[in-house]
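The following exercises are to be worked with the sequence and the structure at hand. Each task is followed by a solution in steps.

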Amino acid sequence: MKQIHLAAHFPGVNNTTVWSDPRAGSHIEFSSFVHLARTAERAKFDFFFLAEGLRLREHAGRIYDLDVVGRPDTFTVLAALAAVTGRLGLTGTINSTFNEPYEVARQFASLDHLSEGRAGWNVVTSWDAFTGENFRRGGYLPEDQRYQRAKLFLQAASELFDSWDGGAVVADKPSGTFLRDARAGAFEHHDAQFDIAGRFTVPRSPQGRPVILQAGDSEEGREFAAATADAIFTRHGTLDAGRKFYADVKRRLPAYGREPHQLLVLPAATFVLGDTDAEAEELAGIVRYQQVSGQTAIKFLEQVWNRDLSGFDPEGPLPDVEPVTGTQLAKGRAQTRMYRDPVETVRQWRELAEAKNLSIRDLVVEVSGRQTFVGSPSSVAEAINTYVQEDASDGFILVPHITPGGLDEFADKVVPLLQDRGVFRTEYSGTTLRDHLGIDRSADVAAAERKAR
């Protein structure tokens, strides 16, 4: 049977996190990051995953304070976690639209050294000018140019990683020889986006390159992942949708000289556990209404109506006013891309609300997603294993709704059941993130090492 891969996503910067729960802690204090990372490591997870928030989202010109706002710098958090963990992979989302290859390559090579080979990079692009305003570059790139830049960015970074070979540092004290080749670190890269040349300052790290993840369900995103990524982060949450996505991305690999096992499919997944399936279903309903307060429901509708709806009762019927088109009340929220035709979306929602007698809040709960896995520990373990064995995924990136202790119950109750089935490790068999994921060092890295020898 296939082995399951599991990762822990530190939640935040979204309203799926129930920050108002009495059990919830800080999303900024280091102790919260430590708690979740250590829980994941004792459960033998593959890696810890940090998303990215390059700008606080706004609603009607104000910070969207119903979300958990604020995100410490990714590299700072991961480097600190390297000192308090020993085997857990440390993966961060770093943008390719506004950063530069030299800086990012230097940071990931340093992280890979500090963690002794546990670094992973989720390569993403930025989709809006609102985020770009925080950067000197400003603005944004059209979608096709964003992915072109991402490809060139990754190529340039890879050349920097490979500019040092594994044996460049000799450090032979008797002979006084420190470097085998004084040309180590030399690079030169010229393309439509980057014109750089010089010396890379970080010697080759334990993995050579960080593990590459890619998050994107678009056609361009899938193709980018098939060409360059070790794993793809997706949001397909049903078994049927998962199978279709899995088959689609895997079929693209031969065009790039790759085998199916060289790209892992890891959907994001939420969960609610109970002693019984019935109890878990009841708890899941409570969690959904915690996630969607009355205020949140009104703000959610305002993203589509693009007008002030504060005068409407969230426990009452949908607004009888029409949406405003040609403007955008919410900024920096990915959901706005889902509702590009407000008039049609409102029409569909009104039909759904009438058919099911839904209030505003009920409707938002209905249309804004449910937990992926709900049930007793045995039921959830069975469901996760089914997804993996039936080629709907290679594992999951778990997103708890409580920080920092939301993963504890899963680690204590579900992981042992997966281990009993023989589909999840009981101990780490290697020391690097590549070892955990079963990823061979890429052919070009191996070629660079052969050349050095």
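**Exercise 1.** In which strand is the place of Phe178? Determine also whether Phe178 is buried or exposed.

*Solution.* The model is a predicted one. Step 1: Phe178 belongs to strand E8, which covers residues 177–179. Step 2: residues over 50% relative accessible area are classed as exposed. Step 3: Phe178 has a relative accessibility of 53% and therefore counts as exposed. Step 4: together with Val169 and Leu179, Phe178 makes a nonpolar surface patch of about 260 Å².

**Exercise 2.** Which parts does the salt bridge between Asp394 and Lys2 tie together?

*Solution.* Step 1: the closest N and O atoms of Asp394 and Lys2 are 3.3 Å apart. Step 2: Asp394 lies in the loop between helix H12 and strand E17, and Lys2 in the segment before strand E1, so the pair ties together parts 392 residues apart in sequence. Step 3: Asp394 is buried, at 6% relative accessible area, whereas Lys2 is partly exposed, at 25%.

Key
Residues numbered from 1 in each chain as written. Predicted model: local features only at pLDDT ≥ 70, side-chain atom pairs only at ≥ 80, totals over all residues. Heavy atoms only, no water. Patch = residues over 30% accessible without salt bridge, like charges linked within 9 Å, V, L, I, M, F, W, Y side chains within 5 Å. Areas by Shrake-Rupley, 256 points an atom, 1.4 Å probe, with all protein chains shown as cover. Salt bridge = Lys/Arg side-chain N within 4 Å of Asp/Glu carboxyl O. Helix = DSSP H or I, 4+ residues; strand = E, 2+ residues; numbered from the N terminus. Buried < 20%, exposed > 50% of the residue type's maximum accessible area, 1.4 Å probe, protein only.
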